[in-house]
Amino acid sequence: MAATPASGGGGAYSCETAERTREWMEALADFLRRHRPLLEAHVVNFFKGRLWELVDAEWMECLRREPVESLLKLPSGCVQEHWPATLREFVLTARSLVIPREQKAPQSLVSDIHVAPIGTVLAQGMNSKKKHEIENLAAVVHAIAKRCGAKTVIDVGSGQGYLAQSLSFEYQLPVVAIDASSHHASVTMARAERIKKHYAAKCVEKQLLMVPRTVTCHVLSSDTLAAVTLDACKDDHGGEHVRETKASTKKITQIQELTQGSPPLILAGLHACGDLSVNMLRLLFAKVFVSCEQVKALVSVGCCYNLLSEDSNEDTDTCPGFPMSKAAKLSELVLGKSIRDLACQSAERWRNLTMDIALQNFDVHAFRAAFQMVLEKYFPEVSRLSPSIGRQGKALRRQRLRKVVESQMTTEKTDNFSSSTLKEQNKNTNDVDSVIHGVDTGPDDIHHNACQKFTLFKDFTLSGLGRLGCGSVEDSRLLEIWKDVQPFSEYIGPFWCLRAALGPLVETYILLDRLLYLQERSNLVEAMLFPLFDPTISPRNMAVIAWKLSANSSEA
């Protein structure tokens, strides 16, 4: 039967006004509440809690027989005509509530925008994903800064300075790069000096080359960010030398005198982690900035929703990262870390997985859930502590995939599998996982019979027990547990795909909450959500863009 796709956003919902955004969020909250058991389920408890029983038995019976390719398309809203009507309704309704994520041309945001390609020197150290992000984000930041009269960029959560350096060298903008890591500041400074020499050699006429100033500071609130920003901007930015500044937090009353001498600013953040993105939004309305209007605009692309602080379930002395808007607070929808973590799932990445990689992912989830059964039975005191065994599943996949890659490379001359092909396949990520996407590994390399899968489970378990400092368990006892759970492992793929279909809804709700927070202050700012990156390359591709309402910025 032919598959029926569904497009995100559905046309029924809009976020052009605060009222429409609230309606969309209410529909999302209602849908998420109805499926809360599935949202809260965690794969480690899959066998222990018999989690497949949370799902309609007809759905599971149908999906366990589906080809892997169909399962991988489910989070994108793709249904099959022979599926139960209630299952089709669930998938299509979920997809209709998701904000459209297809990348839009930057010219649709600012008509005269110029996207400067990043050259070889500036791109050193960037993978293709980072290069794609920096090219598009830097162009948008420059264009909006130009439109609203901002003279200096504050790069919040600057990392190794890729965005800051692109804005400095390609767009000649003064930049203050703020990051919590002093190591990142050192890397930014050293890299900027190398790039500066290259650009200086290209200059025909004497040109003042600006390099980013670095600030090392843990930004714990919008007040901290306001103090750091003003402190960093109080000096002249025309000098060529970069110096790292340990910025101390000042009270607002102590920095009022700095505001008059500060240049107009635009805030920018590329995947600013957790509450950092939220603090950027709140900075627009910090009293010290509202009165003097230093901050003209912001462009923020968030990530790491699992690291957001949340009201009602986390103890925090500052304003929580979620919820932000009045409407979300009144709805009293509580997410929690596990559900916020689900918001990082990417439907685009799911549908681009190969069958082999997908099956390996499902196997690893089964191993982790079975490992939990081992802990429950033989180390209950450890199990009660909800231990983390790190990114062991990813390490196991990489180890298995690396063996396949190495095997292919040893037969390079006979099968014409060249290293250049590997480099081409590795364009979009540094992960070994993606290297294997285009490799025909054959069924014997990836799909294992019961004995082989038990061997992998045993290796996974011994490694996990070692990480937790637990003793060993006899093979016969591990085999007993594996035999008990193995018949139900076929439900893991369908279950995980159904849960992954809810992830984009959670992210949509969080993004709309941030947008509505700005729209509730529509007398001060204009705001929008804009899909800035290709979601297949950069899944966290939605930018929150806002600018102060004034004569100079109304065009943007």
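Reader: Which residues do ring pairs link into a cluster?

Author: In this predicted model, the cluster holds Phe46, Phe47, Trp52, Phe488, Tyr491 and Phe495. Ring pairs link them.

Reader: How many aromatic pairs does a search of the whole structure find?

Author: The search finds 15. Take one of them. Phe367 and Phe457 pair at 6.4 Å centre to centre, with 40 degrees between the planes. That pair is tilted.

Reader: What does the pair of Phe367 and Phe457 tie together?

Author: Phe367 belongs to helix H16, residues 355–378. Phe457 belongs to helix H23, residues 450–468. The pair therefore ties together parts 90 residues apart in sequence.

Reader: Is Phe367 buried or exposed? And is Phe457 buried or exposed?

Author: Phe367 has 0% relative accessibility, so it counts as buried. Phe457 is also at 0%, and is buried.

Reader: Now Phe371 and Phe460. Why is that pair edge-to-face?

Author: Read the angle between the planes. Planes over 60 degrees apart count as edge-to-face. The planes of Phe371 and Phe460 are at 75 degrees, so the pair is edge-to-face. Their ring centres are 6.1 Å apart. Phe371 lies in H16 and Phe460 in H23, so this pair ties together parts 89 residues apart in sequence. Phe371 is buried, with a relative accessible area of 0%. Phe460 is at 3% and counts as buried.

Reader: How do I read the packing of H16 and H23?

Author: Two packed helices are described by the angle between their axes and the distance between the axes. H16 and H23 pack at about 55 degrees, with their axes 9 Å apart. They are therefore oblique to each other. Their crossing is right-handed.

Reader: Which residues of H16 and H23 make the contact?

Author: On H16, look for Asp363, Val364, Phe367, Arg368, Ala370, Phe371, Val374 and Leu375. On H23, look for Lys453, Leu456, Phe457, Phe460, Thr461, Gly464, Leu465 and Leu468. The paired rings Phe367 and Phe457 are on that list.

Reader: At what angle do the axes of H16 and H24 cross?

Author: They cross at roughly 125 degrees. Helix H24 spans residues 475–485, and the two axes come within 10 Å. That angle makes H16 oblique to H24. H16 passes H24 in a right-handed crossing. From H16, the contact uses Ala366, Phe367, Ala370, Met373, Val374, Lys377 and Tyr378. From H24, it uses Arg477, Leu478, Glu480, Ile481, Trp482 and Val485.

Reader: Back to rings. What lies over the face of Tyr517?

Author: Arg282 does, at 5.9 Å from the ring centre. Arg521 also has its charged end over the Tyr517 ring, 4.0 Å from the centre.

Reader: Next, the backbone. Which peptide bond is cis, with omega near -5 degrees?

Author: The bond from Phe322 to Pro323. Pro323 lies in a loop, between strand S8 (295–303) and helix H13 (326–331).

Reader: Which residue has a positive phi of about 55 degrees?

Author: His271, although it is not a glycine. His271 is found in strand S7, residues 265–273. At 17% relative accessibility, it counts as buried.

Reader: And what is phi of Glu332?

Author: Near 60 degrees, a positive value in a residue other than glycine. Glu332 is found in the loop between H13 and helix H14 (337–342). Glu332 has 64% relative accessibility, so it counts as exposed.

Reader: Where is Pro37 found?

Author: In helix H2, residues 36–40. At 45% relative accessibility, Pro37 counts as partly exposed. Now find Leu51, 14 residues from Pro37 along the chain. The C-alpha atoms of Pro37 and Leu51 are separated by 9.3 Å.

Reader: Zoom out. How many helices and strands does the protein have?

Author: The protein has 26 helices and 10 strands. Buried residues make up 54% of its 556 residues. Then turn to contacts. Take those with a separation of 6 or more: residues 24 or more positions apart account for 78% of them.

Conventions: Residues numbered from 1 in each chain as written. Predicted model: local features only at pLDDT ≥ 70, side-chain atom pairs only at ≥ 80, totals over all residues. Heavy atoms only, no water. Phe/Tyr/Trp six-rings, centres within 6.5 Å; stacked < 30°, edge-to-face > 60°. Helix = DSSP H or I, 4+ residues; strand = E, 2+ residues; numbered from the N terminus. Buried < 20%, exposed > 50% of the residue type's maximum accessible area, 1.4 Å probe, protein only. Lys NZ or Arg CZ within 6 Å of the ring centre and 35° of its normal. Axes fitted to C-alpha atoms, helices over the stretch in contact; angles between N-to-C directions. Parallel < 35°, antiparallel > 145°, perpendicular 65-115°, else oblique. Left-handed = near helix turned anticlockwise from the far one by under 90°. Contact = heavy atoms within 4.5 Å.
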